[in-house]
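Here is a short report on one protein chain. Take a look at the sequence and the fold before reading on.

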Amino acid sequence: MMQSRIIGLMLIMVVAAVPTGCTKEAPPPKEVVRAINTVKVEERATSQTRKFSGVVEPVDKSSLSFEVAGNVKEVLFDVGQEITKGEVIATLDPQTFNLDVDAAKAKLRRARAQLTEKEAEYARYRKVNEESPGAVSQSSVDQTKAAFESARENVKVAVSELNLAKRDLTKTKLLAPFDGVIATRHVEPFFEVKRGDPIYDAFIEGAMEVNSSIPETDIEGIYIGQNCRLVFPIDTQQVYNGIVTEIGRVASTANAFPVKIKILTIDPILRPGMTAEVTFQIAEADQQRAFLVPVSAMRPGKEKNRGYVFVFEQASATVKQTAVRSLGMVEGNRLMVTEGLQGGEIVAVAGVSFLEDGQKVKLLDPSQAKE
């Protein structure tokens with residue numbers, strides 16, 4: 001009896017020691033995302049830096065002038081003042097123009113009186129000829145008809161001259177064509193001006209451009225749409241991006257060609273007339289397009305001057321193994337890469353031997369991906 005109890009207790013202890021199906025499984029290991037140090041591919045290795053001077057000017061500017069000649073009566077705005085579209089900004093003495101309107105009105109009255117007289121004469125001759133054929137010659141009827149039609153045309157001419165005189169009178173007031181700022185004032189009251197003589201130079205605030213002159217020795221390396229860097233004396237630490245929008249076809253002074261560069265960032269501290277330093281990267285005609293990449297970014301390949309870099313893919317937060325070709329030339333600690341990369345791409349520059357194609361990564365400097 002005692003022996004059977006001992007055996008039962010032992011069986012209970014064995015069953016208790018057996019693991020049940022309710023035991024929880026261990027969680028899978030958490031994925032480790034490697035942080036990588038990177039550099040943005042920007043500098044063109046085979047280009048040469050050229051610097052030129054320029055002057056800031058507004059993109060939207062205009063020379064404002066009267067459409068008629070006359071004596072300036074009022075110049076209502078000074079340099080730097082803001083103007084509003086449609087408001088009067090200068091006037092001419094209207095006395096002469098009022099006299100022209102009066103003269104045109106008198107001419108129209110005279111022309112209408114003559115028309116009435118010639119119309120009545122033509123009607124009288126026609127009536128006589130109808131009632132008493134042969135009483136007046138047909139040539140006389142034709143002459144009175146021609147005189148009537150001529151008088152009618154004279155009235156039309158007089159009406160047109162009156163309208164022109166009234167129009168010229170309205171043009172003695174110079175109206176602002178847009179909302180803007182006066183840049184230059186060319187005249188003062190009592191100046192005698194001709195039609196089209198500049199009264200003001202005005203511009204619309206906002207977009208600015210730099211006018212520069214590029215020597216004939218460098219103009220072949222400049223093209224529309226080309227990017228450049230701009231620095232202004234007001235803050236030499238601030239660098240602005242620019243893009244070439246216009247290239248002159250005819251050289252100006254000193255065999256230099258005019259070039260216009262739009263400033264891509266609107267900044268209220270930039271004002272017309274400021275000087276600018278314009279920096280271009282101009283490629284030589286006989287050089288290959290290449291970019292400088294740190295030596296540490298390159299994983300060697302099987303062929304000479306060929307290898308791989310890891311390009312960061314922002315959309316998937318992974319790296320892509322990319323085949324590249326270099327010139328085998330080193331500047332400092334950087335290689336000249338001629339194939340496989342594009343400006344603006346982000347490449348890993350450390351620990352590339354531990355990276356794999358498609359691997360999830362994060363940037364040590366996240367700001368590079370936001371630029």
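Start with an open sheet of 4 strands, ordered 8-7-5-10, with antiparallel pairing. Its edge strands are strand 8 (173-175) and strand 10 (192-193), and each of these pairs on one side only. The model is predicted.

Next come the helices. Helix 3 has 33 residues. From first C-alpha to last, helix 3 reaches 49 Å, close to the 48 Å expected at 1.5 Å a residue.

Which residues of helix 3 are buried? They are Val141, Thr144, Phe148, Ala151, Val155, Ala158, Leu162 and Ala165. These buried residues pack against helix 2 (95-131).

Leu162 counts as buried because its relative accessibility is 9%, and the cut-off is under 20%. What does Leu162 contact, leaving aside its neighbours within four places in sequence? The partners are Val101, Ala104, Lys105 and Leu108.

| Pair | Kind of separation | Value |
|---|---|---|
| Leu162 and Val101 | in sequence | 61 residues |
| Leu162 and Val101 | in space, C-alpha to C-alpha | 6.2 Å |

So much for the close-up. Leu162 is one of the buried residues of helix 3, and Val101 is among its contacts.

Key
Residues numbered from 1 in each chain as written. Predicted model: local features only at pLDDT ≥ 70, side-chain atom pairs only at ≥ 80, totals over all residues. Heavy atoms only, no water. Pairing = 2+ DSSP bridges. Helix = DSSP H or I, 4+ residues; strand = E, 2+ residues; numbered from the N terminus. Buried < 20%, exposed > 50% of the residue type's maximum accessible area, 1.4 Å probe, protein only. Contact = heavy atoms within 4.5 Å. Expected span 1.5 Å × (residues − 1).
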